[in-house]
Amino acid sequence: MMAVQEIQSSQLRLIFHIGDDEEGNPMFRTKNFQNVKPQATADNLYRVGHALASLQQYDLQEIVRNDSSKVIEE
């Protein structure tokens with residue numbers, strides 16, 4: 001018996017640097033995109049993330065993928 005991970009859903013999160021507060025600490029804003037195909041590769045998400053970021057007014061800080069998985073017996 002062996003358990004495997006089965007991705008149920010994925011989300012793409014773009015994190016933007018929107019400026020600094022009065023103490024000089026960076027402030028961030030996130031944009032989330034739901035219903036990302038679980039089969040999407042890291043390269044696909046990187047390219048899409050940068051394409052979407054080019055349409056925004058703030059600088060892209062980070063691209064994050066959040067997966068929700070189910071662990072099942074194989």
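Visitor: Why does Gln34 count as exposed?

Guide: Its relative accessibility comes to 51%, and exposed means over 50%, so Gln34 gets the label. Bear in mind that this is a predicted model. Gln34 lies in strand β2.

Visitor: What is Gln34 in contact with, leaving aside its neighbours within four places in sequence?

Guide: Ser10 and Gln11. As for Glu73, that residue is 39 residues away from Gln34 in sequence and 27 Å away in space, going C-alpha to C-alpha.

Visitor: And Asn35, why is that one called exposed?

Guide: Asn35 has 75% relative accessibility, and the cut-off for exposed is over 50%, so Asn35 counts as exposed. Asn35 is also in strand β2.

Visitor: What is there to say about the phi of Asn35?

Guide: The phi is positive, about 60°, although Asn35 is not a glycine. There's a glycine with a positive phi too: Gly24, near 90°, in the hairpin of β1 and β2. That hairpin has five residues between the strands.

Visitor: Let's go to Gln11, then. Why is Gln11 called buried?

Guide: Buried means under 20% relative accessible area. Gln11 has 14% relative accessibility, so it counts as buried. You'll find Gln11 in strand β1.

Visitor: What does Gln11 touch, not counting residues up to four places away in sequence?

Guide: Asn32, Phe33, Gln34 and Val36, plus Val64, Arg65 and Asn66.

Visitor: How do you know that β1 pairs with β2?

Guide: A pair needs at least two bridges. Nine bridges join β1, residues 3–20, to β2, so the two strands count as paired. They run antiparallel. Among the partners across this pairing, Arg13 has Asn32 as its bridge partner in β2, Leu14 stands opposite Lys31, and Phe16 stands opposite Arg29.

Visitor: What makes β1 and β3 a pair?

Guide: Against that cut-off of at least two bridges, β1 and β3 have 14, so they pair as well. They too run antiparallel. One of the facing residues on that side is Gln5, which stands opposite Val71 in β3.

Visitor: What is the order of the strands in the sheet?

Guide: The order is β2-β1-β3, in an open sheet of three strands with antiparallel pairing.

Visitor: Which residues make up the largest nonpolar core?

Guide: Seven residues do: Leu12, Leu14, Phe16, Val36, Ala40, Leu45 and Ala53. The elements giving two or more residues to this core are β1 and α1, which covers 42–53. β1 gives the most, with three residues.

Visitor: How do you know that the span of α1 agrees with its number of residues?

Guide: The expected span is 1.5 Å times one less than the number of residues. For the 12 residues of α1 that should be 16 Å, and the end C-alpha atoms are 16 Å apart, which agrees.

Visitor: Which residues of α1 are buried?

Guide: Leu45, Gly49 and Ala53. They cover an arc of only 65° around the axis, so they sit on the same side of α1. What covers these buried residues includes β1, β2 and β3.

Visitor: What is Leu45 in contact with, leaving aside its neighbours within four places in sequence?

Guide: Leu12, Val36, Ala40, Ile63 and Arg65.

Visitor: Why is Ile63 called partly exposed?

Guide: Buried would be under 20% and exposed over 50%, with partly exposed in between. Ile63 has a relative accessible area of 26%, so it is partly exposed. Ile63 lies in strand β3. Beyond its neighbours within four places in sequence, Ile63 is in contact with Leu12, Arg13 and Leu14, and also with Leu45, Tyr46, Gly49 and His50.

Visitor: How many residues apart along the chain are Ile63 and Pro26?

Guide: 37 residues apart, and their C-alpha atoms are separated by 17 Å.

Terms used: Residues are numbered from 1 along each chain as its sequence is written. This is a predicted model: local features need pLDDT of at least 70, side-chain atom pairs count only at pLDDT 80 or more; totals for chains, interfaces and linings use all residues. Side-chain values use heavy atoms; hydrogens and water are left out. Helices (H or I, at least four residues) and strands (E, at least two) are DSSP runs, numbered from the N terminus. A nonpolar core is a set of buried Ala, Val, Leu, Ile, Met, Phe, Trp, Tyr and Cys residues joined through side-chain atoms within 4.5 Å. Buried means under 20% relative accessible area, exposed over 50%, partly exposed in between (1.4 Å probe, protein chains only). Contact means heavy atoms within 4.5 Å. The arc is that of the directions from the helix axis to the C-beta atoms.
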